[in-house]
Amino acid sequence: MAEDNYAQTANKAKYLAIIKQYELFLIPYDETGFTEPEGLTWPVPSGLEPLGYSSEDGATLHPEPGDDTEITAHNGDIVYSQSAPGYWTFQFPGIELTKRSVTAYFDTDVNPTDGSITVSKASTSKKWRAVIRAIDQDDNKILIYAPKAQISDRDDLNLKYNEQVTPNMTFKFLTDGNKQFNAWGLAKDFTAPAGGEG
């Protein structure tokens with residue numbers, strides 16, 4: 001009797017991804033002349049540096065589902081159900097105090113003359129474009145691009161003896177046009193057509 005391969009799987013380790021390294025680039029939303037990523041080979045604009053080191057916990061891309069609305073009939077049947085689109089967040093546990101990270105965390109500009117900042121509020125209003133680039137254990141590339149983001153949460157900035165000063169930030173991806181973000185390289189079994197880019 002021929003074997004029918006019942007309940008057998010075709011697990012493939014090559015489809016697993018372990019992030020070896022990643023980097024976050026922040027670009028002011030209203031900056032002119034910015035070229036949006038259209039694939040994995042996005043050229044980093046001249047003079048733009050990533051936010052740098054992050055903590056060993058790594059970054060987190062998190063979905064925040066929207067509220068559900070349900071209307072029931074007199075007998076309890078659900079006759080209408082709708083979910084709001086929700087949004088995505090990107091938590092970046094940065095540990096470098098650069099001009100870009102300080103500008104983002106405190107939502108203010110660094111004085112180009114003396115490096116000082118003037119903080120007049122605790123809310124955030126600056127909008128950013130966020131580009132996250134990563135490589136996995138096999139050096140496969142991953143790129144995530146959020147065309148409009150704003151800081152929605154920040155951890156306390158602890159000033160303690162023998163503890164790293166860490167400006168941890170969470171960026172909320174806002175809808176820009178019809179999208180919150182694009183991503184390339186997450187579907188590891190995708191094969192680009194001839195002349196195309198995966």
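Thr-170 lies in strand 8 (residues 168-173) of this predicted model. Helices (H or I, at least four residues) and strands (E, at least two) are DSSP runs, numbered from the N terminus. With a relative accessibility of 12%, Thr-170 is classed as buried. Buried means under 20% relative accessible area, exposed over 50%, and partly exposed in between (1.4 Å probe, protein chains only). Leaving aside residues up to four places away in sequence, Thr-170 is in contact with Thr-89, Phe-90, Gln-91, Gln-150, Ile-151, Ser-152 and Asp-153. Contact here means heavy atoms within 4.5 Å.

Residues are numbered from 1 along each chain as its sequence is written, and side-chain values use heavy atoms, with hydrogens and water left out. Because the model is predicted, local features need pLDDT of at least 70 and side-chain atom pairs count only at pLDDT 80 or more, while totals for chains, interfaces and linings use all residues.

Six salt bridges were found in a search of the whole structure. A salt bridge is a side-chain nitrogen of Lys or Arg within 4 Å of a carboxyl oxygen of Asp or Glu. One of the pairs is Lys-20 with Asp-139, whose closest N and O atoms are 2.8 Å apart. This pair links distant parts of the chain, 119 residues apart. Lys-20 belongs to strand 1 (residues 19-28). Asp-139 sits in the loop between strand 6 (128-136) and strand 7 (141-154). Lys-20 is partly exposed, at 47% relative accessibility. Asp-139 is also partly exposed, at 47%.

Another salt bridge joins the side chains of Asp-107 and Lys-121, at 2.5 Å from N to O. Both residues are in the loop between helix 1 (99-106) and strand 6, 14 residues apart. Asp-107 is buried, with 8% relative accessibility. Lys-121 is partly exposed, with a relative accessible area of 34%.

Lys-126 and Asp-109 also form a salt bridge, with 3.1 Å between the closest N and O atoms. Lys-126 and Asp-109 both lie in the loop between helix 1 and strand 6, so the pair ties together parts that are 17 residues apart in sequence. Lys-126 is partly exposed, at a relative accessible area of 22%.

Helix 1 itself contains Lys-99. Lys-99 is exposed, with a relative accessible area of 63%. A distance of 8.3 Å separates the C-alpha atoms of Lys-99 and Gly-115, which are 16 residues apart along the chain.
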